Amino acid sequence: MTLRAGVLAVQGDVSEHGDAIERAAAAHDRTAEVVEIREAGLVPDCDVLLLPGGESTTISRLIHREGIAEEIEAHVEAGKPVLATCAGLIVSATDAQDDRVDTLNVIDISVERNAFGRQKDSFEAPLDVAGLDEAFPAVFIRAPVIDYVGEDVEVLATWDDRPVAVRDGPVVGTSFHPELTEDPRIHDLAFFDSVES
């Protein structure tokens, strides 16, 4: 069975996310058809969605202007899985602590942008993630930090005692960039537990 995976292609690591979902699908003897989303009308036909990084104010403005935001919200309401990374996490939050970001309100968290520092402060760290047997090589680039977690949100990983990966219903959000490694386990965790259950 082919999984239709929509990647929001406004900014960020679009092709890298596409490659990661294809690797994760292959591990389950599945194939993934990757659809780049730049306009409304494509999200409703997707089984899963990926919201990459980039600049959160730009992403927020474009998805609302193009009518994509409402489709993402409906996707989540239908219980379909989403993986939101870095700026995608910020846009998905309840509170971005920035009036310029019109959030999707699909993860009950508050985030602080660039909390781990600027581009020069990027780093990689072995991260213990709930559901994974071995540490994940997490890449942090201008990463946000989660400073409030709603009571129904599961914290999947922390770094320096701060949440950096969470699950809220069908949505998994990470402060880091799992698509920048060859390790597909975060994409697997976000999608295949939900799709195959």
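Glu33 sits in strand E2, residues 31-37 (strands are DSSP runs of E with at least two residues, helices are runs of H or I with at least four, and both are numbered from the N terminus). This is a predicted model, in which local features need pLDDT of at least 70 and side-chain atom pairs count only at pLDDT 80 or more, while totals for chains, interfaces and linings use all residues. Residues are numbered from 1 along each chain as its sequence is written, and side-chain values use heavy atoms, with hydrogens and water left out.

Glu33 comes out as partly exposed, because its relative accessibility is 39% (buried is under 20% relative accessible area, exposed is over 50%, and partly exposed is in between, with a 1.4 Å probe and protein chains only). Setting aside neighbours within four places in sequence, Glu33 has Thr2, Leu3, Arg4 and Ala5 as its contacts (heavy atoms within 4.5 Å). With Arg4 there is also a side-chain polar contact of 3.0 Å (a pair of N or O atoms within 3.5 Å; within protein, one must be able to donate a hydrogen and the other to accept it, and residues adjacent in sequence count only if both atoms are side-chain atoms). Pro81, 48 residues away in sequence, has its C-alpha 15 Å from that of Glu33.

Most residues other than glycine have a negative phi. Asp29, though not a glycine, has a positive phi of about 55°; its loop runs between helix H1 (14-26) and E2. Asp29 is exposed, because its relative accessibility is 73%. Asp160 likewise is not a glycine and has a positive phi of about 55°, this time in the loop between strands E10 (154-159) and E11 (162-168). With 55% relative accessibility, Asp160 is exposed too.

His187, in helix H5 (residues 185-196), is another story. Its relative accessible area is 0%, so His187 is buried. Among contacts with a separation of 6 or more, 69% join residues 24 or more positions apart. The C-alpha trace spans about 40 × 40 × 35 Å along its principal axes.
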